Protein chains: 2
Amino acid sequence: MSFDPGVAIGEESDVVTRQVGVDDVLQFADLTGDHEPIHVDEVFARSTPFGERLVHGVLLLGLMADRLLTATHAPPNVSYGYDRVRFMRPVPVGSRVFLSSRVLHIRAERREVVVEEICRLEDGQPAAVAHHVFRFI
Amino acid sequence: MSFDPGVAIGEESDVVTRQVGVDDVLQFADLTGDHEPIHVDEVFARSTPFGERLVHGVLLLGLMADRLLTATHAPPNVSYGYDRVRFMRPVPVGSRVFLSSRVLHIRAERREVVVEEICRLEDGQPAAVAHHVFRFI
C-alpha cells in the first residue's frame, strides 16, 4: 500500500517566534499541577544555579508541536509520541523562543513520519530538541 | 563522587487521578497555539475514526510529570528530557486518567534518574507511557 504523508524528508516549516511570559508559566502550572518551585517560586529560583524561574520543559514541547503535518496540510494523522526529547539549556521565564520543524524520517511501512522540532533562544542556539512521531490514520 | 538521588530503582509513586475536561483542553490549545481540530472541533472529531475530541498528548505528558523527584523529596534536579514517549491509545476529552511513576534507571555517572510515567484510563490499561530523564544539579 502506498503511503503519501504530503511532506518530504528534509522539508522545513517557517520559524515561529513567541515570548513565554510568567502568566503562561503560571497558567501551565495550574493546568498540569506542576508547581515545582524552579518554575513558579522566584525566591527559590534565585537560590539555584539558574538564578531565575525556568519555563517547564513540557510547555516548550507544547509550543514546539509541529505545524508541518496540520489537518489542513497533510492527510489525517495523530501524535504517536516522541523518540527522544532533550531540554539542553534552561529557558528563563520571559524568554523569546524561536520554533521550527523539519521532516527527519518517513517510515512508510509503519505509516509514521518523524519530525525534528527545535526551540532556539535569541542567540540562535537550541534550547530543546524533540523527535516527534506522527502516525497517519 | 557519590550520587544519591534520594530514590531507589523500582520505587513507585502514589496513583493520582484527575478528570481532563473540555476547559482544560481548550486552555491548553490557547496556551500552546495547538488548535488542531481533533482536539478542539467537536464536529470535525466526529468525522474521524476516533468519533470524539482527544486530549493533546503533550497535555497528558504535563499531567504525568513525576512527583517522586519533587523539590521537597529529592536533591535539586531538573527535567532533562525524555528517552521515549508513546501515546498508545486515544484519550477522549472528559476522560478520567490515573497517573503513576516508577524509578526505572539510575545513571550515577551522568547524575541522571529515569522515571517511567504512566497514564491509564478507567479500564486500567495504559494510554501513554513516558521515560522521563531527570538530571541532578
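A polar contact is a pair of N or O atoms within 3.5 Å, one of which must be able to donate a hydrogen and the other to accept it. In this predicted model, the interface of chain B and chain A holds ten residue pairs in polar contact, counting those with both residues at pLDDT 80 or more.

Begin by selecting the side of chain B that touches chain A. The elements giving two or more residues to that side are α1 (22–32), α4 (57–64) and β2 (77–87) of chain B. Of these, β2(B) supplies the largest share, ten residues. By class, that side has 19 nonpolar, seven polar and eight charged residues.

Next, display both partners together. Here 34 residues of chain B are in contact with 34 residues of chain A. Between them the chains bury about 3100 Å², and 62% of this lies on carbon and sulfur atoms. Within chain B, select L31(B), Y82(B) and R86(B): these lose the most area to chain A, and together they account for 21% of what that side buries.

Now turn to strand β2 of each chain. Strand β2 (residues 77–87) of chain A is joined to β2(B) by four bridges, and the two strands run antiparallel.

Finally, show the charged side chains. How many salt bridges are there between chain B and chain A? The count is two. For one of them, select D83(B) and R86(A), which form a salt bridge; their closest N and O atoms are 2.7 Å apart.

How values were computed: Residues are numbered from 1 along each chain as its sequence is written. Chains are lettered from A and ligands numbered from 1 in the order in which they are written. This is a predicted model: local features need pLDDT of at least 70, side-chain atom pairs count only at pLDDT 80 or more; totals for chains, interfaces and linings use all residues. Side-chain values use heavy atoms; hydrogens and water are left out. Contact means heavy atoms within 4.5 Å. Buried area is the accessible area (1.4 Å probe) that two parts lose on being put together, summed over both. A salt bridge is a side-chain nitrogen of Lys or Arg within 4 Å of a carboxyl oxygen of Asp or Glu. A polar contact is a pair of N or O atoms within 3.5 Å; within protein, one must be able to donate a hydrogen and the other to accept it, and residues adjacent in sequence count only if both atoms are side-chain atoms. Ala, Val, Leu, Ile, Met, Phe, Trp, Tyr, Cys and Pro count as nonpolar, Asp, Glu, Lys and Arg as charged, and the others, Gly among them, as polar. Two strands pair if DSSP finds at least two bridges between them.
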